[in-house]
Amino acid sequence: MKLLLNNRAFRHLWLAQIVSELGDGITRLVVIFLVAHLSSNPLALSVVVLAQVLPNMLLGTFVGPFIDRFRRSRIMVAADLYRAVIVLLLIVFQNELYGIYALVLLQGIGTVLFEPARTAIVPRVVGQGNITQAVSFSQATYMAMKLIGPALAGLLIPFGHFGWLFTFNSFTFVLSALFIFGMSRALSEDLTTAQQTAMTGQEEEQVVAKEPYWQSLKDGLRTIYRHDGLFALLILLVPIMLVMGVINTNLNAALLQSFRIPAEHFGFISSMIAAGSIMGALAAPSLLQRLRTNVMLLGAVGAIGLFCMLIVPLFHLYQESGVLSVYVWALGVGVSISCTNVPLSSLFITLMPDEMRGRGSGVFESVAQAGTVLGIGAGGLFASLFGVLTATAIAGLLLIIVAAVFPLLKYNQALRQSNETKLSGGGQAASSSG
């Protein structure tokens, strides 16, 4: 909370996230509702999900050099304004299935530019010692908006004024762009003259292309590959996101078809996962003050795996004791996910050199989305072969094996050493400008 109170630039960045993700949450549900009514083919909704993740998966790595070449705040403003226009076009094409697909895909391209730039600018906004606190706020905000946005959409969809809902989302992107502009102004005003001169020189290094695009991309990939800590995080990211894809694919089917959770509890159980994620995100900085970074990360990874495996005995416990056990399980899943995401993202931002953070963030997003897509496919395949509960348990076993074997690899030592950077925020004091 002190970070929000004391850092004007971060407040602007945080407010930009709130408004844009609120509008996104509403639009995402409206798009799913429209597609479901325009087509009875069950694959239609899968195409929407694919259109949302495909740009990040295919383009994330390749936009990185542009993020590092130009001023990141300007890229964010341009991406927000671009997405505002795309969302407005949904008003025109709301009754055209393929038009919706195309616009969702185009909106995703704007997100590909925005997210790596936002990640890369965090250290400058909050300072090296406050990265974990900033990431925890971002994670908690994301999960909160994931709750609030669809809830509002559920209340508004029955009125049928979809054009107004798309207009509202477009306005949130414009408002986000204004907050990003305010963040940039706040950063400039907080700098002393000497700092401003030095920072201007640093920014100009990003603006002026010193090397060809492909060489810049190659340098970024080489940096990740040769840095044991960064490469270790990418190794961990693949199974984590794969299992998350399995959970996203199978969880609703498990609750509705296997457990046969009553309708009045289903929404609240899904919300309990989000509530647990918010709790985990807010608790992560304090936990990192007490635990080594690699210990907390691997422990949380193992916890996700354990909760996935527990879904099998949970089914029998639910039959005997009722729905309370499922609420507790859902809360634990949410806490474990955030306690994995916060140190994972914080470590990657911290370990990646500033001049290459755009490239690193792009690769991070691409690998994450690729793992998610593989998980969605594997989740469906294993569910059809072994059943939803067994498929989820198998995915959990994979994570437990990863958490148990990883400490035996040389890359674990790199993560242990990264604890010295004090991601908990207890490291060097840093100015709000970073």
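1. By class, the lining of the largest cavity has 7 nonpolar, 2 polar and no charged residues. Here Ala, Val, Leu, Ile, Met, Phe, Trp, Tyr, Cys and Pro are nonpolar, Asp, Glu, Lys and Arg are charged, and the others, Gly among them, are polar. A word on the source: this is a predicted model, where local features need pLDDT of at least 70 and side-chain atom pairs count only at pLDDT 80 or more, while totals for chains, interfaces and linings use all residues. Residues are numbered from 1 along each chain as its sequence is written, and side-chain values use heavy atoms, with hydrogens and water left out.

2. You will want the cavity rule. On a 1 Å grid over the protein atoms alone, a cavity is a set of points where a 1.4 Å probe fits but cannot get out, and lining residues have an atom within 4 Å of a point. Points are joined across faces, edges and corners, and a volume is the space filled by probe spheres set on them. The count comes to 2 cavities of 30 Å³ or more.

3. The largest cavity holds about 50 Å³ of space. Its lining is made up of Val246, Ile247, Asn250, Leu251, Cys308, Ile311, Trp329, Val333 and Thr392. Helix 10 (228-258) and helix 14 (324-351) each supply at least two of the lining residues, and helix 10 gives the most, with 4 residues. Helices are DSSP runs (H or I, at least four residues), numbered from the N terminus.

4. For the second largest cavity, the volume is about 30 Å³. Thr119, Ala120, Phe348, Ile349, Met352, Arg357, Gly360 and Ser361 line this one. Two or more of these residues come from each of helix 5 (97-126), helix 14 and helix 15 (357-386), with helix 15 giving the largest share, 3 residues. By class, this lining has 4 nonpolar, 3 polar and 1 charged residues.

5. Now back to helix 10, and how it packs. Its axis and that of helix 12 (residues 293-309) come within 11 Å and cross at roughly 25°. That makes helix 10 roughly parallel to helix 12 (angles under 35 degrees count as such). Axes are lines fitted to C-alpha atoms over the stretch in contact, and angles run from 0 to 180 degrees between N-to-C directions.

6. Which residues in helix 10 meet helix 12? Leu233, Leu236, Ile240, Val243 and Ile247 meet Leu297, Leu298, Val301, Ile304 and Cys308 in helix 12, contact being heavy atoms within 4.5 Å. By class, this contact has 10 nonpolar, no polar and no charged residues.

Conventions:
1 Å grid on protein atoms, 1.4 Å probe; cavity = no way out; pocket = protein on both sides within 12 Å on 5 of 7 lines; lining within 4 Å. Parallel < 35°, antiparallel > 145°, perpendicular 65-115°, else oblique.
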